[in-house]
Protein chains: 2
Amino acid sequence: MSAARPKRTATSPAADDLPPLSGAELRLVREIGSRWADAMEDRQAWGGALPVDPSAISFPGRVRPTGWGRVVEVEALRDGEPTVLEPADPELAEVSRWGRLLRRLLIGRPLLSSALVEERMRKLVALPVVGADLMASVAYGPEALLGVLALGGSVALGLAPLLAAALVALMVTVGLSYRQTVRAYPSGAGSYTVARENLGVLPGLTAAAGLVGDYVLNVAVSISTGVAAVTSALPPLRGSGLWLGAAMFAILLVGNLRGVRQSGAAFAWPTYVFLAAMALLIGAGLWHAAGRGMAPVPASPVRALEPLGVLLVLRAFASGATAMTGIEAVSNSVPAFRPPEWRNGRTTLTWMVVLLVLTFSGVMLTLHLEGIAPRPDESLLSQLAHHAFGNGPLYGYVQAATLLMLLFGANTSYHGLPRLLFTLARDHHAPRAFLRLGDRLAFNNGVVALTATSFAVYLGFRGNLQALIPLFAVGVFLAFTLSQLGMVVHWWRQRGAGWRRSLALNAMGALMSSLVLVTAAAGKFLEGAWLLVIAIPLLIWLATRIRAHYDRVAEAVRLRPPVPGQPELTVQPRAASHVTPAAAHEEVEQSPGEIRHLAVVPVSRLDLANLRALAYACSLGMPVLAVHISPQQEQADRFEYEWGEWGDHVPLAIVLAPYRALLAPLVNYLIELHRQAPDVTLTIVLPELVVRRAWHRLLHANVAARLRRALRPLRGVVVTSVPFHLPA
Amino acid sequence: MSAARPKRTATSPAADDLPPLSGAELRLVREIGSRWADAMEDRQAWGGALPVDPSAISFPGRVRPTGWGRVVEVEALRDGEPTVLEPADPELAEVSRWGRLLRRLLIGRPLLSSALVEERMRKLVALPVVGADLMASVAYGPEALLGVLALGGSVALGLAPLLAAALVALMVTVGLSYRQTVRAYPSGAGSYTVARENLGVLPGLTAAAGLVGDYVLNVAVSISTGVAAVTSALPPLRGSGLWLGAAMFAILLVGNLRGVRQSGAAFAWPTYVFLAAMALLIGAGLWHAAGRGMAPVPASPVRALEPLGVLLVLRAFASGATAMTGIEAVSNSVPAFRPPEWRNGRTTLTWMVVLLVLTFSGVMLTLHLEGIAPRPDESLLSQLAHHAFGNGPLYGYVQAATLLMLLFGANTSYHGLPRLLFTLARDHHAPRAFLRLGDRLAFNNGVVALTATSFAVYLGFRGNLQALIPLFAVGVFLAFTLSQLGMVVHWWRQRGAGWRRSLALNAMGALMSSLVLVTAAAGKFLEGAWLLVIAIPLLIWLATRIRAHYDRVAEAVRLRPPVPGQPELTVQPRAASHVTPAAAHEEVEQSPGEIRHLAVVPVSRLDLANLRALAYACSLGMPVLAVHISPQQEQADRFEYEWGEWGDHVPLAIVLAPYRALLAPLVNYLIELHRQAPDVTLTIVLPELVVRRAWHRLLHANVAARLRRALRPLRGVVVTSVPFHLPA
């Protein structure tokens, strides 16, 4: 007896939210079912005939979203005319027509789950999309490197070409290392999955925590650099940097609530535009330099603020290493490539690393040739563009392309973090809410959480790039290191063809990554990196707590073999502090025949709302007891008289509440009833007044809601609300 | 079948919350009951025998509150041992033991309702208690008067004795006027009651709004003056006036949450202490003056800031009139006097006016004789005390007594406003919550509301006395005027013995009060009085809206004559916008036999929580339909298979939700079911996971709560929660 179904099926990633029953559970279900068979035979006075025909309700073959609401149309075939119902989602029912219009304009029409599988990418599209984060890193990597070196003065800045060469070596090493990951995990695996599978749960969670830091700071760093790109070009805006940043956060938030649909072709062009800008910039720089025989312009002297030591150089190296953040993106998204996925992914990765090395070393070289040093009020790329093109349209083009690239780079986090949270949630390490896809197949909760955290960090550091970079490096290289260590273990376990070479490459990558990690964490510990040293263990602890809770829940709702006889009579005394005596009753599986009933109806007055609740309770065919709470004797007597006039159809208990409280006496009375017969299921039937407008709620005592909350901790107490709708 | 009752009865003012049934309603109840008789005979398969014995549950003869919780003890007589249960009030269950300890220390033990009637007062106790507000007015009245006059310079200040004489005349007039009210309303009646009974609802609400302004500003003005008393004595505190004020608000708040118990004897002595201080001050001043032949000390010249005109004099007069605020107190509290109440009350009122006239004119005279003019940094009383006693202990005594008097004067509002709100709530013009007495017989909601509003006004005006005074005068004299106009109408209607004299006195009082009102409102309109001109109509409008809502509710729940046949089949088509089609079904009185049932159980998975809900639904003996929402076909098929393995005991409907929403498809499905058979009551049985810790709620989808909210607007849909308790 199931409704008609749409013809197309889709692979929703949320499919694992409700895992199928295991073999043992299936056997238990059969056993339990056989016990029910007898019970249902006795009970089925209604002969299995329903007063409705569920099969007449069906969805049309192709489900269409309505224009304004997140609503699934339901078609009643009864009268042959399809009917579009008003949205019944409470979140939507409460917003006005204008609110829904705004929502639809900002966020777009809902998407079918099947839209997900259509998002396979050609290499030429995948390269800019998956590589956006990596390419954007070129905009802040040199800035981060030279920003630290400049502290050592002109002499230190002279070391820049050397450090750039070392960074290129690091890029190649890590790139080769990740090529192994792509081959080994054709279904895609981020640092969390690789570390978890090969190193264990705790390293996995550590990698995940590092990744969270990575994603959060990627947004903050990209926006900070984006703001610099704007203020370099438009000096009058310099004072309102934080406002500019806030605006960029808002753009990312709204754009991402709209979802992944735009991520394909629409995300491809900014990367190419940026690459073209970089090519122009480097080309112009080299052309100028060639004009003067490749002789570097002597840089204006920079005063040293710190002594030039090994530590400074290492810190500069670690900061500069942020130029390669995003290099791991391919390994996460292998399944998004067209088949053969892993080979296409690996080729794309190689191309990405080549492009990275070319642009990064090109920019570093041109900066060196033009003798440009970091300045607080203008970004390096802007200075370079000014040198190359003056103040003309080409300068504007470079700045605009950089800003765009950074925004799209930041956007990578909006795909990465929700997907990481989804994976964590699937492993029960994150709240289940992250499993839920929004209207537009985006993980809305993750999108909002990322924006909030990232914006907080951005504000906390006043949008200062140099302060954000060390935190960024710690998060990124923590994840890199664990991922590559995981790969080392992977190859060691597999020992397939060519495992030694792969292992060696991954070990090299792990070693270099860990060096950067240690340098970044130690070198800037006091200036902000301590934040991650606190945040990462906190995240790990939280993830394990969450997992423990879900495990206990799964154990609690697990089916158990039915106990012969009447298991619900075994009252277990408990010494729990706030657990009331009634709570001692165990919640076991019961077949319908085993349940003994008593309905209790709190009645305040003989009016329509109360009588409807009373009639409902009486129609259930179970014993009914009415309870009246009275502040004083004369009221009690009066009510008893009225009750008698009505006919005294139901036993009535009157409780005097001389302290004027209503809930406490009632709850205590119910507890006492329950104690008298712990094997009886109490059904509390409450008349619930439903108001039309929110402010009307202030005018009513809302006893039903408060009583429901008060009774919630009690076992074997079922609460039933019989609504009575008040006029507006 | 009622529980044992305590022997003492008490007259709780909340008794009118549940009015008795009228004669027509009683007839209806009998008619409805006779219809039930047949239905119950058919249904009473359980033969009227309950599985519990409610008569075995009783309260002990004398109910004692437990030490720490707002809890009524319930004694189970079954086992002969009384058992003290843990507090079951949700508000208390959620606070820790320490929280409860703190609450008890601050607020005290709960009081029995019967404690209210014990609060009858002798005249010597009543005078200072009821007169506290009036006496406290002496502390700010002269300040308010001279503060305005000083704007006109030394010449204007010379008019002070003249104005003081006029004020004394006003005091006597209004006092005589209120003597009539006490006689006419021996059961006590504030301005609201008098105006409402004699002039109509709107004037009544206007008077009530004026009184609200009066009460709110009385607190703000008293505390502002109290702060001046402190800072005059302790100049170093001058900078932290607002903090001092906040501390005084806190004292009043906590003190009043403790309730009325302390209001008798404990509230008497501060007034006597203050009167003694005033007597000392005036005596010393006269003694000094006598020493120099009663010649006034020439005041130091004061520069005029405004031209001396009629308007300035009138404004000064209106401001000075605040010296008589609180004169109406006796008319509110006649029943608190010992019998004969009205005569004792009237005598007390006369004494109060005499004392007021003596202290006010004494203070004004002494100020004149000593040549004291207002100074921004020291209050007039403090200057007077300095002149009389230097800086010695007597000076300290005067200041402390003034502060104490002001605090007790402010406290009057804490009795007046909650009582006014209670009266308004009884007339359905204020939220029902104000009917509720707290643990300590105080109207807690009113206490908190008053403190919040008053503190906001105090902060809004930066605690500036001269800015607060005109608002105060407007509120007070609005209520005075309407109250006395009401009395005029009262005497005109009654025309009993001596009505002409009473009418003349009240008319005189009304005339003078209205003059002060107009002067205060017009003279300071731009400087703050406009606030009341907005707030008062707003309050009146709100009160009428609230009354309209309660009237509609009463009409909605009113019993109606039963319609023969099956009234629930008449579906009324409605063009309402967001009301779903299912909502068109009318909510009429039904006898149990007329209700047709269908239980619907949303099942997500065959686990313990879901099976318990299913078993509960099946045990109700009504037709049951299970509904499973599935995001995709393969999951749906899997669930159908598991369902079959279990035995397919209940019809199952599967709804595919390709937009991943859970609630919207389910709600739409239920609406469709309801549309198929609008006369069937749908009982939605929800398994509800109950978490132990608040943060665990974030880890669960809380479908039950969200679904309950979504289903609430639907008529004929009953929601039943079957709880399943998760481990901590």
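In which sense do strand 6 and strand 7 of chain B pair, and over how many bridges? Strand 6 (residues 680–690) of chain B runs parallel to strand 7 of chain B, and nine bridges link them. Pairing here requires that DSSP finds at least two bridges between two strands. Helices (H or I, at least four residues) and strands (E, at least two) are DSSP runs, numbered from the N terminus.

Before going further, a note on the model: it is predicted, with local features needing pLDDT of at least 70 and side-chain atom pairs counting only at pLDDT 80 or more, while totals for chains, interfaces and linings use all residues. Residues are numbered from 1 along each chain as its sequence is written, and chains are lettered from A and ligands numbered from 1 in the order in which they are written.

Back to the pair: B:Pro687 sits opposite B:Val722 of strand 7 in chain B. Together with helix 24 (residues 703–711) of chain B, strands 6 and 7 of chain B form a right-handed β-α-β unit; right-handed means that, with the strands pointing away from the viewer, the path from the first strand over the helix to the second runs clockwise.

Strand 7 (residues 717–725) of chain B is mostly covered, with eight of its nine residues buried (20 or more other C-beta atoms within 10 Å of a residue's own, C-beta atoms being placed from the backbone; 12 or fewer is exposed, in between is partly exposed). Strand 7 of chain B also meets strand 7 of chain A, antiparallel, through three bridges. There, A:Ser721 has B:Val719 as its bridge partner.

Now for a loop: A:Gly371 lies between helix 14 (341–370) and helix 15 (380–389) of chain A. A:Gly371 is partly exposed because it has 13 C-beta neighbours inside 10 Å.
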